[in-house]
Structures are given as structure tokens and as C-alpha cells.
Amino acid sequence: MIPRYSRPEMVAIWSPETRFRIWFEIEAHACDALAKIGVIPKEAAKTIWEKGSAATFDVSRIDEIEAVTKHDVIAFLTHLAEFVGPDSRFIHQGMTSSDVLDTCLSVQLSRASDLLIADIDKLLAALKKRAFEHKDTVTIGRSHGIHAEPTTFGLKLLVLHEALRRARERLARAVEEAAVGKISGAVGTFAHLDPAVEQAVCERLGIGFEPVSTQVVQRDRHAGFVNAVALAGAVIEQGAVEFRHLARTEVREVEEEFSKGQKGSSAMPHKRNPWRFETLTGLARVLRGYATTALENVTLWHER
């Protein structure tokens, strides 16, 4: 994450501490399901939950173990065993690393999308309010950047509102498709796991499950999500570019908020730059780059 543009709530979702806590929950839920069908002792599953829940996972310790094992999940499981003790031998039974990694990613995507959709809802409400305020505020319309027919500022905002509403719907659909886990073992054949384990774990985590998986959740799901995010960013950029142009000295139809004590330029104190809109444009371009990468990730070699 880019610290300058990251919020504490979003950073927390993608922090190592949160990731390891979700990894533990996946493993513990799997142990519960395995105990229920008689594969591991019920007392062992209980111990794993109790000791793991009380543990504070040490990121530096896990990194230290990984430096030796060269494997992130094994490093985490080794650290978890330090808390759980002998019953740790029942953890991860029949599972492969991607069962943990991909399922965790789905939980994080779901939580992140909750923040994004809540923010979009706030923006939609603000745009709707301002659109009604300015429904009779006459402004000149432009095509090719040249004066055309009169329109209203409210209509400009309403066009943006509707585009953002569609972006919200896309994002909601995309996260529903992307937020699926898999606990189907190596290459996804359930050779050492009952499918009931996968369904139980995903249900308890509040996500769906991949009905047909390989060793991983299929990457078209993630590509769809990242592209939906990029599309939302493109809509926001559409508004940002519009307002940046309208804020130019030669036009001066709108102006970005300028707070008390804010400075526009170290050399030209008269300037009131639309820097927030410029930032939105830059970040939207970053999102489109991520979308391209996500599409490239769809094609996998065989089962992994």
C-alpha cells in the first residue's frame, strides 16, 4: 500500500498481523470441521482454537523462520506450533498452502470492498445533494472543449452520480464473484479432504467457495474485481478531470476547497491549485496498471 494515500482502516486489513490472524482462523475452522467428521480428535481442535486465539503472532519471528524455510505458510505454521504444542500436528491436515493463501485473500477482498462501497455510498449521497442544489445553475456546455449549448452544473453532477452508481453495482457483483475460498488440497482434487470441510470453513468466514478449483482459486475472479475497482477509479477520474478543467484561470467556473493556512505554491502565493483532483487522476492511472497485471495473472500453467 502507498502510505501517503492509505487510510488506517484499509492498511489494517492488509497488514501482516491481520493476514496471520485470518490464516489461523482458516486452519482452526478446518480443524473444527475435521473433528466433526472424526478425522482428528475434538479435544485437539478445541486446544488449537483456545491457544491460537490467545496468541499474539510475532511477525519478526515468522520472518526469521521463513528465512530458513523459504516458505511463508510453513513459517507461520511453525510459529503457531510454538503456541499450540503437541496438538499442532493436527493443523493443516490434508491442506495445501494455497488453501490458506487464497481463502485469506478472499476474506481480505471482502473486507476491503466493504470500505470501498461505504465510501462510494457517501460520495453518491454528496453528488445527489449537490446535483439538486445546482439543478438550475446554468453553465456552458462544451464539446471538444469548445462552447456548445447551455447546460446546468447540476446535470454535470448527475451524470457523474449515475456513472458512479453503475461502478458501485459492478464492484458489488465483482466482490461476490471474487470472495470465494478453497480447501480442496493439492491440485484441488479433495484427495485428502472431505468437501464438507471446505464448505464449513468458507461459511464460517462469510465467503463463498470455489465449486471447481485447481490448486488455486481461478484468477479470472480476481481480475474481475481489480478491473471493477479500476473502472470505479476511471469514473472518479472523469469527474476529477472535468473539475480540473473548470478550475483553470481562463475558465474559473469551479474552485477546489482551500483551507485556512493552506499554501498553493512556494514561489507563487496567489495560486490555488486543484491538487486533490490531480491526485485522483494519478491514482486512477495506477489502478488501471493493476488491472492489466490482474488480467495477465489469469493464465496459469496447468493446475498451478
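How do the residues of the lining of the second largest pocket divide into nonpolar, polar and charged? In this predicted model, the lining comprises 7 nonpolar, 8 polar and 4 charged residues.

## The second largest pocket

The second largest pocket holds about 400 Å³ of space. It is lined by 19 residues, and those closest to its centre are Arg142, Lys156, Gln238, Glu242 and Leu246.

Three elements each contribute at least two residues to this lining: strand S1 (138-143), helix H7 (153-178) and helix H9 (220-246). Helix H9 provides the largest share, with 7 residues.

## The buried side of helix H4

Helix H4 spans residues 59-69, and its buried residues are Val59, Ile62 and Ile65. These residues lie on the same side of H4, because they cover an arc of only 125° around the axis. An α-helix has 3.6 residues a turn, so residues three or four places apart point the same way.

Helix H2 (16-36) and helix H5 (72-84) are among the elements that cover the buried residues of H4. After H4 comes Lys70, which has a positive phi, near 55°.

Side chains of opposite charge can pair when their charged atoms come close. The whole structure contains 17 salt bridges. One of them joins Arg61 to Glu82, with the closest N and O atoms 2.4 Å apart. Arg61 belongs to helix H4 and Glu82 to helix H5, so this pair ties together parts that are 21 residues apart in sequence.

Buried or partly exposed: which term describes Arg61? Arg61 counts as partly exposed, because its relative accessibility is 25% and buried means under 20%. Glu82 also counts as partly exposed, at 43% relative accessibility.

Glu133 and Arg130 form a salt bridge with an N to O distance of 2.7 Å. Both residues lie in helix H6 (residues 97-133), 3 residues apart, and are therefore separated by about one helical turn. Glu133 is partly exposed, with a relative accessible area of 42%, and Arg130 is partly exposed at 44%.

A further salt bridge links Glu255 with Arg252, where the closest N and O atoms are 3.1 Å apart. Here Glu255 is partly exposed, with a relative accessible area of 42%, and Arg252 is partly exposed at 38% relative accessibility.

Note on methods: Residues are numbered from 1 along each chain as its sequence is written. This is a predicted model: local features need pLDDT of at least 70, side-chain atom pairs count only at pLDDT 80 or more; totals for chains, interfaces and linings use all residues. Side-chain values use heavy atoms; hydrogens and water are left out. On a 1 Å grid over the protein atoms alone, a cavity is a set of points where a 1.4 Å probe fits but cannot get out, and a pocket is an open set with protein on both sides within 12 Å along at least five of seven lines; lining residues have an atom within 4 Å of a point. Grid points are joined across faces, edges and corners, and a volume is the space filled by probe spheres set on the points. Helices (H or I, at least four residues) and strands (E, at least two) are DSSP runs, numbered from the N terminus. Ala, Val, Leu, Ile, Met, Phe, Trp, Tyr, Cys and Pro count as nonpolar, Asp, Glu, Lys and Arg as charged, and the others, Gly among them, as polar. Buried means under 20% relative accessible area, exposed over 50%, partly exposed in between (1.4 Å probe, protein chains only). The arc is that of the directions from the helix axis to the C-beta atoms. Contact means heavy atoms within 4.5 Å. A salt bridge is a side-chain nitrogen of Lys or Arg within 4 Å of a carboxyl oxygen of Asp or Glu.
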